[in-house]
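Work through the exercises below with the structure open. Try each task before reading its solution.

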Amino acid sequence: MNWLGISVMLYKINVRAGMQYRLNFILSTLLAALVTVSEFLGLVVLLSVFGAIQGWSVWEIGYLYGVLMTAKFLYRAFGSAINNFEPYLVNGTLDQLLLRPMPLLLAVLTSRTRMVGGELLQSLTVLGACVARLLVHGDASWWIVPETLLIICTGTVIMFAVGLATAACGFWITRTEDLSVLTDNATTTACQLPLSLFPEWLRTLLLAVIPFGFINYVPAMFIVRGEWGVWTLAATAAVAAAALLIALGVWKIGVTKYQSTGT
Amino acid sequence: MVIWVLARSMYESRLQYSASHAVRTVASIIFGLIYVSIWQGIGAERELGSYGTVGMVSYIAFNQVILWVTFTSHGLGLEERVRTGQIALDLVRPLHLFVFAASREAGSIAYNALFTALPLYAVYAVSFGLPIPRELSVWAYTAAALAMGAYTALCIGYAIGVTALWTVESRWFSLLNYSVNFTLSGFLMPLDWMPGWLQTIARVSPYPIFNYVPTQIYLGKAGPSSLLVPLVWCLLLTLLCIAASAAVRRKVEVQGG
């Protein structure tokens with residue numbers, strides 16, 4: 001069995017283990033969907049009161065949200081352990097994974113699986129509704145479908161890369177939860193709206209340092225706004241690849257600095 | 001005395017991770033800047049009612065500051081105690097479980113207030129010109145509102161924490177609480193601007209005490225009468241916590257060890 005086969009098997013085991021507590025499983029799936037709907041409500045209320053923001057229609061902003069959240073939930077589906085890496089360092093759980101005869105990153109990734117069905121359904125519904133509306137009103141061509149699929153993939157890679165780099169920082173500072181608030185939560189919140197809304201320094205941060213702007217805003221400037229060229233898609237793919245390589249490099253160095261902190 | 005010792009021990013344990021805390025403060029400052037930027041962007045295109053752009057910036061900035069006074073850890077840490085079986089020992093202590101969990105968390109809130117809320121207040125006062133009230137009464141009423149907000153957060157956190165006795169994991173209740181809080185507390189936008197149906201839901205919920213009520217008082221847009229509803233909520237939630245504790249005693253089953 002190759003690494004992919006082993007990973008799939010471990011993911012299945014995690015899912016089955018999670019389903020052993022049935023009430024908890026059903027509740028968590030329902031509540032996860034409710035949480036995302038409730039979070040989206042904040043944006044909906046804002047848009048319902050003010051309508052278009054800086055020339056971006058409600059549907060275009062909905063598209064930004066849909067792409068961003070779909071990428072986020074896909075990343076959370078397979079990268080849940082990376083997204084919540086701090087306990088591995090604080091409790092010493094990583095020691096056990098280091099003993100497994102498989103690459104450490106793969107061992108970490110397959111050690112935990114999060115069910116994201118409810119959340120994905122919500123983000124895909126928003127995305128689907130916005131794409132349909134843009135198509136019906138002639139604001140976008142059918143190319144929007146493959147282009148959106150592409151940027152969901154690159155967006156997931158960018159999310160994973162930033163999450164991995166954040167987790168790797170834990171090898172030096174141990175506690176990464178607060179750093180993750182900055183690199184994940186704050187950036188996700190900002191990117192739900194057009195970056196043009198923000199001051200220069202924040203735009204630079206979201207394009208050059210933590211490149212979440214490339215998950216939705218940059219490609220959307222071509223796909224739904226038609227203001228920038230097709231080069232944005234190539235640039236998005238290049239940024240995703242570069243971010244992944246850098247994150248893997250940081251992780252590799254970080255692992256050599258690991259000191260067990262467990263009991 | 002026991003309450004003080006528990007709160008102090010939690011406060012001191014929080015002091016251990018200063019680097020992580022510095023990152024949190026920076027993250028919180030940036031979060032606030034993001035929300036402020038959103039309103040500055042919206043305010044550049046249209047009027048923002050009785051608040052105006054400057055007023056909305058103050059509203060959002062103060063909300064971000066006080067967020068940390070009503071921020072509690074997930075379920076007051078009770079889920080982990082259920083999972084490890086520690087909850088059985090907690091119930092044996094000669095101290096009510098709610099008082100025990102709330103006292104510990106109060107130390108954490110005090111730490112957040114001193115090392116996150118206060119620096120944020122200073123930064124926003126300088127960068128956004130956050131107004132500083134001159135009347136002592138405004139400070140007193142704001143402090144009372146914040147104290148009730150913190151207590152309400154402790155009660156809700158406790159109620160969520162004890163659900164772990166039934167569901168094993170109560171994390172999702174916490175996340176739902178945070179996300180509902182985000183909208184209904186008036187954190188992102190004053191309740192007056194919300195659609196009627198949402199305003200009604202918000203006003204009959206305890207959430208406005210976390211942001212809307214203290215910020216309105218601080219900005220001089222509301223008086224002490226606005227503290228009456230939060231006071232009722234504090235009493236109701238206390239009764240809920242006492243009832244939940246009684247149910248916990250009948251339900252507890254030790255796991256792990």
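**Exercise 1: the contact between the chains**

In this predicted model, chain A puts 34 residues into the contact and chain B puts in 33 residues. Task: find which elements of chain A give two or more residues to the side that touches chain B.

Solution. 
- Step 1. Look for the elements: they are helix 2 (22-50) and helix 9 (177-191) of chain A.
- Step 2. Find the main contributor. Helix 2 of chain A gives the most, with 17 residues.
- Step 3. Sort this side of chain A by class. There are 24 nonpolar, seven polar and three charged residues.

**Exercise 2: two helices in chain B**

Task: describe how helix 2 (residues 18-45) and helix 6 (residues 97-128) of chain B pack.

Solution. 
- Step 1. Take the angle and the distance. The helices pack at about 40°, and their axes are 10 Å apart.
- Step 2. Classify the angle. Angles from 65 to 115 degrees count as roughly perpendicular and those under 35 as roughly parallel. Helix 2 and helix 6 of chain B are therefore oblique to each other.
- Step 3. The crossing of helix 2 and helix 6 of chain B is right-handed.
- Step 4. List contact residues. Helix 2 of chain B brings residues including His21(B), Arg24(B) and Gly32(B). Helix 6 of chain B brings Phe115(B), Pro119(B) and Tyr124(B), among others.
- Step 5. Sort by class. This contact has eight nonpolar, five polar and one charged residues.

**Exercise 3: an annotated span**

Task: take residues 230-251 of chain A and state their helix content.

Solution. 
- Step 1. Check the record. The unreviewed UniProt entry includes residues 230-251 of chain A under "transmembrane region".
- Step 2. Read the span. Residues 230-251 of chain A are 95% helix and 0% strand, with end C-alpha atoms 32 Å apart.

Definitions and conventions:
Residues numbered from 1 in each chain as written. Chains lettered and ligands numbered in written order. Predicted model: local features only at pLDDT ≥ 70, side-chain atom pairs only at ≥ 80, totals over all residues. Contact = placed C-beta atoms within 7 Å. Helix = DSSP H or I, 4+ residues; strand = E, 2+ residues; numbered from the N terminus. Nonpolar A, V, L, I, M, F, W, Y, C, P; charged D, E, K, R; others polar. Axes fitted to C-alpha atoms, helices over the stretch in contact; angles between N-to-C directions. Parallel < 35°, antiparallel > 145°, perpendicular 65-115°, else oblique. Left-handed = near helix turned anticlockwise from the far one by under 90°. UniProt positions renumbered as here; feature names shortened; annotations may be inferred.
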